[in-house]
Amino acid sequence: MRWSRYFIPTLREDPADAEVISHKLLLRAGVIRQLSAGIYSFLPLGQRIALKVMQILREEMNAIGGQEFYLPALHPAELWQESGRWDAIGDEMFRLKDRKGTDMCLGMTHEEVFTAIARNEIRSYKQLPQVWYQIQLKFRDEARPKSGLMRIRTFIMKDAYTFDVDREGLDKSFIDQREAYKKIFSRCAIEFLIVEASSGAMGGTESNEFMARTPAGEDLIVNCANCGYAANLEKATSGLAAIDDEPGPAAPEEFPTPGVRTIEDLTTFPGGAESSRQIKSLVFVATIDGEARPVLVLLRGDHQLHETKLTDSLRATAVRPAHPEEIRDLLGASAGSLGGVGAKTRSPKLRIVADAALKNRRNMTTGANKDDHHLRGVDIARDIPVDEWFELRTVEAGEGCPNCETGTLEVFKGMEIGHIFKLGTKYSESMGATVLNQDGKPVPIVMGSYGIGVERIISATVEQNHDDDGIIWPRSLAPFDVVVTITNMKQDDLRQAGEKLYHELQQAGLEVLLDDRDERAGVKFKDADLIGIPHRVTIGKKVNDGVVELFNRRTKKTDDVRISDVVAAIRQDLQD
Ligand SMILES: [Zn+2]
């Protein structure tokens, strides 16, 4: 490829609206251009990179027995109604009607379509397991598209689905996928962690996210360096120091607290309590099985609720804080004076859930369900009929590890690059996909679902592989292996040597870009550094002595190499 004819619109300056490094560099290197909010075009360099990512995905999926499909992006609403997700998913789904008025949508994932194929075609356990995948466009109407390719509205995904006759089969399929994912990310030069995650709208029993550590990430990861425990903040737990409370009085004692509205207020109120000795009482309305249900959530006063954990624990599709009038109807007081003591007597249908950090705590202080009054001496086991105990608090850096005795948790930003789910029978049951098992009995197929975003891989690779001069592509994703830079196009000897070497490198099977533009050498070097090709061969004055410069983009080392040795030198480097 000749740079003089190739479309690489590089930019000198950072685009004003780009926030994260990968967004800036991908725009500046002429890899992508924005079409609209959250919608991007791959320019020729971008398409070369994306095809390399897709090839790696294909190779690793095929290696574990994956069979490649290509399913439509346009789906009938009917299928999504069968699984229940037509209603469960909100505004993120692009919905439309065809000319006859039939509801349709643009697929954000393909559980429904793959399950429908399995339901119609697979009859017996003898046909299982199956490992199906595709590399295809997906659509998601993000509320706030941002960060270049990280949160976009249409993207390329590799999504795989496994079908097994039982749980043991699923466990094996899940491990196969997890191992394949490790190979994929390693081949893309991404350092990653595997974390426990919330399954969200996908449902199922267990999920792992693959996270690239980067300040550009939008997720928070909790990690213990001591034992390797790693979880998304929305799933993470922490170890709790044992607390031995004084027993306190024989029954809770009410006391007036005029003007006290918050946990903080009560810490400074005479006769109040420090925040860790208070019970925080929050009223939520949860949507469970399509019904709105009131829930009283209790946490230690110094802990923060994580709403995703609440949603997941309740198996709700959504939760929202209750309105002041709803709170007054339920508990007879305003938000600053609520508590669990007597709450069920007032509202028998109110469900009370509490964070594990409150378990067995005694002599605690909480609202009295009477404006401007609190109760002290509350013994939770004795005084509050908690329906269920969950892990609901937000983990903070510095807390103890829940997995080992000595570790301390750190919290850092990560970017989700892959997510794998054990779906179980959620889709096969709702959509009626069954097979006959060994005993001739119909059983629902046990499924898993596994996704990787191509644009996310590209973003993460750039976030972790760049310097002040631009992108440093790993060989696996680099749009070209080597750029041959002719420093002065006006000199015939340089030009001829460059052309000759260009052909030799191509014949050696390398992907070569020949910088034959009529530009100053400095401009050419800057552009080559920016777009990040692993090797640059510089054709300068020494060429008449049979010598060129070989520059390594990652190490920034330059070596004089005899022209006849260039192919071998690059080969050697690419193997390292
Ligand atoms: Zn640990």
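Predicted model: local features only at pLDDT ≥ 70, side-chain atom pairs only at ≥ 80, totals over all residues.

Me: Is the crossing of α2 and α13 left-handed or right-handed?

Reply: The crossing of α2 and α13 is right-handed.

Me: Which residues in α2 and α13 meet?

Reply: From α2 there are Ile49, Ala50, Val53, Met54 and Leu57, and they meet Val454, Ile457 and Ile458 in α13. By class, the contact of α2 with α13 has 8 nonpolar residues, no polar and no charged.

Me: What about α2 and α6, at what angle do they cross?

Reply: The axes of α2 and helix α6 (residues 167–187) cross at roughly 150 degrees and come within 10 Å. Angles over 145 count as roughly antiparallel, and α2 and α6 are therefore roughly antiparallel to each other. α2 passes α6 in a right-handed crossing.

Me: And which residues make that contact?

Reply: On the α2 side, Ile56, Leu57, Glu59, Glu60 and Met61. On the α6 side, Gln177, Ala180, Tyr181, Lys183, Ile184 and Arg187. The contact of α2 with α6 divides into 6 nonpolar, 1 polar and 4 charged residues.

Me: Switching to charges. How many salt bridges are there in the whole structure?

Reply: A search of the whole structure gives 46 salt bridges. One of them joins aspartate 371 and arginine 328, with the closest N and O atoms 2.8 Å apart.

Me: Where do aspartate 371 and arginine 328 lie?

Reply: Aspartate 371 is in the loop between β18 (364–367) and β19 (373–378), and arginine 328 is in helix α9 (residues 324–331), so the pair ties together parts that are 43 residues apart in sequence. Aspartate 371 counts as partly exposed at 31% relative accessibility, and arginine 328 counts as partly exposed at 39%.

Me: What does lysine 556 pair with?

Reply: Lysine 556 forms a salt bridge with aspartate 469, at 2.5 Å from N to O. This pair links distant parts of the chain, 87 residues apart. Aspartate 469 sits in the loop between β25 (466–467) and β26 (470–471), and lysine 556 in the loop between β30 (547–552) and β31 (558–562). Aspartate 469 is partly exposed, with a relative accessible area of 34%, and lysine 556 is partly exposed at 38%.

Me: How far apart in helix α14 are arginine 495 and aspartate 492?

Reply: They are 3 residues apart in helix α14 (residues 492–507), so about one helical turn separates arginine 495 and aspartate 492. Their side chains meet in a salt bridge of 3.1 Å, N to O. Arginine 495 is partly exposed at 31% relative accessible area, and aspartate 492 is partly exposed at 43%.

Me: Which residues are linked in a network of salt bridges?

Reply: Arg12, Asp515, Arg517 and Asp527 are linked in such a network.

Me: Now the overall picture. How many helices and strands does the protein have?

Reply: The protein has 16 helices and 31 strands. Its C-alpha trace spans about 100 × 65 × 50 Å along the principal axes.

Me: What share of the residues counts as buried?

Reply: Of the 576 residues of the protein, 52% count as buried. As for contacts with a separation of 6 or more, residues 24 or more positions apart account for 69% of them.

Key: Residues numbered from 1 in each chain as written. Heavy atoms only, no water. Left-handed = near helix turned anticlockwise from the far one by under 90°. Helix = DSSP H or I, 4+ residues; strand = E, 2+ residues; numbered from the N terminus. Contact = heavy atoms within 4.5 Å. Nonpolar A, V, L, I, M, F, W, Y, C, P; charged D, E, K, R; others polar. Salt bridge = Lys/Arg side-chain N within 4 Å of Asp/Glu carboxyl O. Buried < 20%, exposed > 50% of the residue type's maximum accessible area, 1.4 Å probe, protein only. Axes fitted to C-alpha atoms, helices over the stretch in contact; angles between N-to-C directions. Parallel < 35°, antiparallel > 145°, perpendicular 65-115°, else oblique.
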